[in-house]
Amino acid sequence: MSHKDLNPVSAERPKRVAIVISNPAVSTTTGWPVGFWWSELTHPYFHMTELGYRVDIFSPDGGRCVADAMSDPEDASRWQAEDVISRGYRHDPEFVTLVENTRPVGDVSVDDYDALVVAGGQGPMFTFETAEDLHRTFAEFYEAGKVTAALCHGTAILRYARLSNGEPLVKGRTVTGFANVEEDFADQAVWDTGGLPRGAHVMPWRIEDELRRLGANFIQAGLWKGFAIRDGNLVTGQQNFSGTETAKVITEALGR
């Protein structure tokens, strides 16, 4: 038991949040293994558990989940080498056990949680299309008035989530997500290293283009800027550097 009172306001009823991460997959565009992004799980998890929240980790299918290699702060690319929060959780056996034994999102009950958060990584772009339980659960949280959030490529869920009247959940909403300017940067980086032929794309489709097509007001803060916004009970974060910003908007919406 901690000596610190993490939840002095509501010790008997801490707020509960379900975070959903992607199951492992193989990219149809690059052939690389893909999954969730470490900081998009660990930064919200850290911020919310520091406030005394109870946070559970789910995935569409349940079971062992694997992070995108470049999200590992100890990866040779050093793309996220400054991410000391994820570095710590990677070496926490109890936390690693949670990632390796996620519960299926079909087990999430709207009545049991105050908020639902969908993290990103490359995996969602290849796994969320068939994740029908996640489509349904995301819409259920939103229509119940619960805080419903998605981050980076986790906003891929907004391509598929439909309200009970059949309308796209994202229609008419102001949202952010992984922006075209960031997709351009990623494509260029892969071309420069010879990972893909010039003109080929890392992602099979683009968040910004698709959400605009569905009637969303898509905004972003610029290349690799930490950014999150709230429209009613829908919260969205721009990319992998926006985990803490997204968590802060969520906790403010929940009244901390």
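**Aromatic pairs.** I searched the whole structure and found 13 aromatic pairs. I counted rings of Phe, Tyr and Trp (its six-membered ring) as paired if their centres lie within 6.5 Å, with planes under 30 degrees apart as stacked, over 60 as edge-to-face and the rest as tilted. The model is predicted, so I kept to its limits: local features need pLDDT of at least 70, side-chain atom pairs count only at pLDDT 80 or more, and totals for chains, interfaces and linings use all residues. Residues are numbered from 1 along each chain as its sequence is written, and side-chain values use heavy atoms, with hydrogens and water left out.

I looked at Tyr45 and Phe95 next. Their ring centres are 4.9 Å apart and their planes stand at 75 degrees, so I logged the pair as edge-to-face. Tyr45 belongs to helix α1 (residues 38-50) and Phe95 to helix α3 (residues 93-100), so the pair ties together parts 50 residues apart in sequence. Helices (H or I, at least four residues) and strands (E, at least two) are DSSP runs, numbered from the N terminus. I found both Tyr45 and Phe95 buried. Buried means under 20% relative accessible area, exposed over 50%, and partly exposed in between (1.4 Å probe, protein chains only).

Trp79 and Trp224 also pair edge-to-face, at 5.6 Å centre to centre and 75 degrees between the planes. Trp79 sits in the loop between β4 and α2, Trp224 in the loop between β9 (217-218) and β10 (228-231), and 145 residues separate them. I read 28% relative accessibility for Trp79, which is therefore partly exposed. I also noted a cluster: ring pairs link Phe36, Trp38, Tyr45, Tyr89 and Phe95.

**Charges over rings.** I counted a charge as over a ring if NZ of Lys or CZ of Arg is within 6 Å of the ring centre and within 35 degrees of the ring normal. Arg16 lies over the face of Tyr113, 4.6 Å from the ring centre.

**Cores.** A nonpolar core here is a set of buried Ala, Val, Leu, Ile, Met, Phe, Trp, Tyr and Cys residues joined through side-chain atoms within 4.5 Å. The largest has 46 residues, and Phe138, Leu158 and Leu169 make the most contacts inside it. Elements giving two or more residues to this core include β1 (16-20), α5 (132-143), β7 (147-151) and α7 (180-192). Its largest share, 5 residues, comes from α5. I listed the contacts (heavy atoms within 4.5 Å) of Leu169 beyond four places in sequence; among them are Phe138, Tyr142, Leu158 and Leu234. Another core, of 27 residues, lies apart, with Phe36, Ile57, Ala115 and Val117 among its members.

**Two loop residues.** I found Asp72 in the loop between β4 (54-59) and α2 (84-90). Asp72 counts as buried because its relative accessibility is 15%. Beyond four places in sequence, Asp72 contacts Trp38 and Arg90.

Gly106 is in the loop between β5 (103-104) and β6 (115-118). I read a relative accessible area of 36%, so Gly106 is partly exposed. Gly106 touches Asp133 and Arg136, not counting residues up to four places away.

**Cysteines.** I searched for disulfides, pairs of cysteine sulfur atoms within 2.5 Å. The whole structure has 0. The sulfur of Cys65 is 16 Å from the closest cysteine sulfur, in Cys152, too far for a bond. Cys65 is buried at 4% relative accessible area, and Cys152 is buried at 2%.
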